[in-house]
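Here is a friendly walk through a protein chain for someone meeting it today. Have a look at the picture first, then read on.

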Amino acid sequence: MPRKCSLIGCRGNYEPRKGESADANKVSVFRFPKDGEKKSEWPRRIPQELLAGDITNDMVVCEKHFEPRFIIRDYVYTRPDGSSFTCPHEAPALDPEAVPTFFPNTPKYLSSPLPPKRKAPEDCRAEAAARDEKVLKEWMDSDAINGFDDFVENVSHKSSSLPSEWVMVNKVNVVLFVLFVNITSSLIPTVVASFKVFNNISVDWYDAKCKRNRDDLAWLLGDEGKLSRWYDLPNLCTYVNN
Ligand SMILES: [Zn+2]
């Protein structure tokens, strides 16, 4: 049987009375704080007439005396990708900020809810982080290349900031990017590098004379060698040029 609530008159974890269900008084209980400002605050909050004497290590206060927001019933885990999931605590934990404020079976004036919680700095920081994450996610979503049709439709606009030596040739099922030198001078125009984006948004690349190894682009395009982000397009141009 778990410990009984130490506050006089409370029946937390006491045997059920006749006619009560078996778990009528089952509650979670929490020890008195051993240190910090809560150590002195708890006894100040608890009406003297509910304490049988000095507070000892064995004494506990049950969940009925705390605002529900202080009882932590779930763990929130954050996965590496930032998403989270919750799972219940085996035994509820008490928020370190909790103080007992409810004293059922005592005159009403003895129960004194706390003022609404002010936002702790860490909550503000968490909110800011969540906002940043949202902005990042929106950017990631808007930066994604969703297949070849999306690529063809937006490539003119998205490649407008590429250096003018890059010429784009848009054909059925392939978009070719060619880097010329001597486009505007009187010298012989020459191709120094190029790459093709195929209709599965995979990329092949070439120097002036040879096809180059796709695997060399894996650091940028991943193992599948696909151009899945607009952000990577100028990076690809820069890399192919070097
Ligand atoms: Zn109790």
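What follows goes from the overall outline down to single residues.

## Before you start

This is a predicted model, so a few ground rules apply: local features need pLDDT of at least 70, side-chain atom pairs count only at pLDDT 80 or more, and totals for chains, interfaces and linings use all residues. Residues are numbered from 1 along each chain as its sequence is written.

## The overall outline

The protein chain has five helices and eight strands. Both are DSSP runs numbered from the N terminus, with helices being H or I over at least four residues and strands being E over at least two. Along the sequence they come in the pattern β-α-β-β-β-α-α-β-β-β-β-α-α.

How does the radius of gyration of the protein chain stand against that of a compact globule? The chain has 34 Å, whereas a compact globule of 242 residues would have a value near 18 Å. That radius is taken over C-alpha atoms, and the globule rule is 2.2 Å times the number of residues to the power 0.38. Along the principal axes, the C-alpha atoms fill a box of roughly 100 × 35 × 30 Å.

Buried residues make up 15% of the 242 residues. Here, buried means that 20 or more other C-beta atoms lie within 10 Å of the residue's own, exposed means 12 or fewer, and partly exposed is in between, with C-beta atoms placed from the backbone. Take the contacts between residues at least 6 apart in sequence: 47% of them join residues at least 24 apart. Two residues are in contact if their C-beta atoms, placed from the backbone, lie within 7 Å.

## Helix α2

Helix α2 covers residues 121-143, and its 23 residues should span 33 Å at 1.5 Å a residue; the end C-alpha atoms are 33 Å apart, which agrees. The expected span is 1.5 Å times one less than the number of residues. How many of the 23 residues of α2 are buried? The count is zero, so to speak a helix that is hardly covered.

## A four-stranded sheet

Now for the sheet. Four strands make an open, antiparallel sheet in the order β5-β6-β7-β8. The edge strands, β5 and β8, each pair on one side only. From one strand to the next, the twist averages 15°. Strands count as paired if DSSP finds at least two bridges between them.

Val197 has Val203 in β8 as its bridge partner, and Ser194 stands opposite Tyr206 in β8.

Helix α5 (residues 232-240) lies across β5, β6, β7 and β8, at about 140° to β7. For these angles, axes are lines fitted to C-alpha atoms, for helices over the stretch in contact, and angles run from 0 to 180 degrees between N-to-C directions.

Leaving out residues up to four places away in sequence, Phe195 touches Phe177, Val203, Asp204, Trp205, Tyr206, Leu236 and Val240.

## Residues worth a look

Asn173 sits in the loop between β5 (166-171) and β6 (174-181). Its phi is near 70°, positive in a residue other than glycine. Is Asn173 buried or exposed? Asn173 counts as exposed because it has 11 C-beta neighbours inside 10 Å.

Ile201 is in the loop between β7 (190-198) and β8 (203-207). The hairpin of these strands has four residues between them, and Ile201 takes a positive phi near 55° there. With 19 C-beta neighbours inside 10 Å, Ile201 counts as partly exposed.

Cys87 lies in strand β4 (residues 84-94) and is exposed, with 9 C-beta neighbours inside 10 Å. Cys87 touches Asp74 and Tyr75, not counting residues up to four places away in sequence. Cys87 and Asp74 are 13 residues apart in sequence, yet 5.3 Å apart in space, C-alpha to C-alpha.
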